[in-house]
Amino acid sequence: MPAPHTDAIAWGPDGSVRVLDQTALPAEVRWLTITSVEAMIEAIRSLRVRGAPLIGIAAAMGLAAEAARLVAEARAPQPSPHNWPTGEWLEAACRRLAAARPTAVNLRHAIERMQRAGLEAMRSGAAGPDLAQRLRTEAQAIWDGDAAMCQAIGEYGQALIGPGARILTHCNTGMLATGGIGTALGVVYLAHQRGRAVSVIATETRPLGQGARLTAWELTRAGIPCRVIVDGAAAWMMARREVDVVIVGADRIAANGDVANKIGTYGLALLARAHGIPFYVAAPRSTFDLASPSGEAIPIEERPASEIAGGLEGLSAFNPAFDVTPGALVTAIVTDQGVLRPPYGPSIAALGR
Ligand code: MRU
């Protein structure tokens, strides 16, 4: 039985974008309507919309939504032609969107695609509504492409999952994080659909609870057995031989196979190695960054102390949102083009773009 589909984003009326506010889950299913680049940046920064592939899609849709609004405003009874989407507007909006979160390279890739599409359209004479339509078409293509890549990752991942596998995963990499069935969770969804009797151990994912709130919510809706653990319980579960395999997603994979993903991933990879458990990363080609030779070149987002400091005024804190797992600890990387095995440098260089 296919999982109930959970789009975390949708087109709204008059070219607007509707975003499922993930900060409210699982208590409340609340949708926001977004018509401006600034509002989309706020939604991305505050993790209302999150997950590397989804923030790329959301940023692209936010750009298209603002273009549609500017066109509508310029046509309103009191026209304001200075608002007409221009080349300067496109350039500035893309720059601001690409900087909304630093680590997920999918965001930069999506925005570069949007900028290219917009500039090409303008060069061929498109303006106003035609330009806005072109941007919407490109945003939809990014979304559709991501959904197809998730499906392919899910298919390739089946070779790595035995019947009855107890799969430990971190953060949320499913329908709430992508434009399709997910990356690491996409592998889980397809295994479940094919009757492989898999179950999931979802780490809570400190400090914002993407595992306990979002992965647990998604999997419960899909009828996939899921147990939540605090992050600190992973070692003990592995020692008790309750974990067969670890699969996580990625925010950026460097040219040598180093993987930036949610803080705590590196620790899980070390634990998996210590316990002889395979550690897999699942990611589409939009997550690979050939311009980062190794993990050292990946910018790591630091988030406010208030997320972890429990309200204590003036407390000093260090709150990195991601860490880097050396490629040497990764058993295999499942991509939409197949399963890569170490050494990663040559196989990553050979990935189609
Ligand atoms: O801060 P988040 O919730 O956006 O972090 C998300 C992750 O770390 C995911 O593992 C990653 O983006 C892959 S999602 C398919």
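Predicted model: local features only at pLDDT ≥ 70, side-chain atom pairs only at ≥ 80, totals over all residues.
Visitor: What does R50 do with the ligand, in distance terms?
Guide: A polar side-chain atom of R50 lies 2.5 Å from an oxygen atom of the ligand, which is a polar contact in the sense of a pair of N or O atoms within 3.5 Å. The side chain of N261 also places an N or O atom 2.6 Å from a ligand oxygen, whereas G51 has a backbone N or O atom 3.0 Å from an oxygen atom of the ligand.

Visitor: How much of the ligand does the protein bury?
Guide: The protein buries 99% of the 420 Å² that the ligand exposes when taken alone, with areas from the Shrake-Rupley method and a 1.4 Å probe.

Visitor: Changing topic, how many helices and strands are there?
Guide: The protein chain has 10 helices and 14 strands, which are DSSP runs numbered from the N terminus (helices H or I with at least four residues, strands E with at least two). The radius of gyration of the chain is 20 Å, close to the 20 Å of the globule rule for 353 residues, so the chain is as compact as a globular protein of that length. That radius is taken over C-alpha atoms, and the rule is 2.2 Å times the number of residues to the power 0.38.

Visitor: In what order do the 7 strands of the open sheet run?
Guide: The order is β6-β5-β4-β7-β10-β13-β14, with mixed pairing, where two strands pair if DSSP finds at least two bridges between them. The edges are held by β6 (226-229) and β14 (338-340), each with a single partner strand, so one side of each is left without a neighbour in the sheet. Neighbouring strands here are turned by 25° against each other on average, direction ignored.

Visitor: How is β13 joined to β14, parallel or antiparallel?
Guide: Strand β13 (residues 332-335) and β14 run antiparallel and are joined by 3 bridges, and V334 stands opposite V339 in β14.

Visitor: Which strands does helix α9 touch in that sheet?
Guide: Helix α9 (residues 265-275) packs on the sheet and touches β4, β5, β7 (245-248) and β10 (279-282), its direction making about 145° with that of β10. Contact means heavy atoms within 4.5 Å, and angles run from 0 to 180 degrees between N-to-C directions of axes fitted to C-alpha atoms, for helices over the stretch in contact. Helix α9 also lies across β9 (259-262) and β12, at about 35° to β12.

Visitor: What is the strand order in the sheet that has β9 and β12?
Guide: That open sheet has 4 strands in the order β11-β8-β9-β12, again with mixed pairing. Here β11 (288-289) and β12 (322-325) stand at the edges with a single partner strand each, so one side of each lacks a neighbour in the sheet. Strand β8 (residues 252-254) runs parallel to β11 and is joined to it by 2 bridges, and A254 has D289 as its bridge partner in β11.

Visitor: Where are the cis peptide bonds, say the one at P26?
Guide: The bond from L25 to P26 is cis, with omega near 0°, and P26 sits in the loop between β2 (17-20) and β3 (31-34). The bond from P342 to P343 is likewise cis, with P343 in the loop between β14 and α10 (344-349).

How values were computed:
Residues numbered from 1 in each chain as written. Heavy atoms only, no water. Polar contact = N/O pair within 3.5 Å; in protein donor to acceptor, adjacent residues only side chain to side chain.
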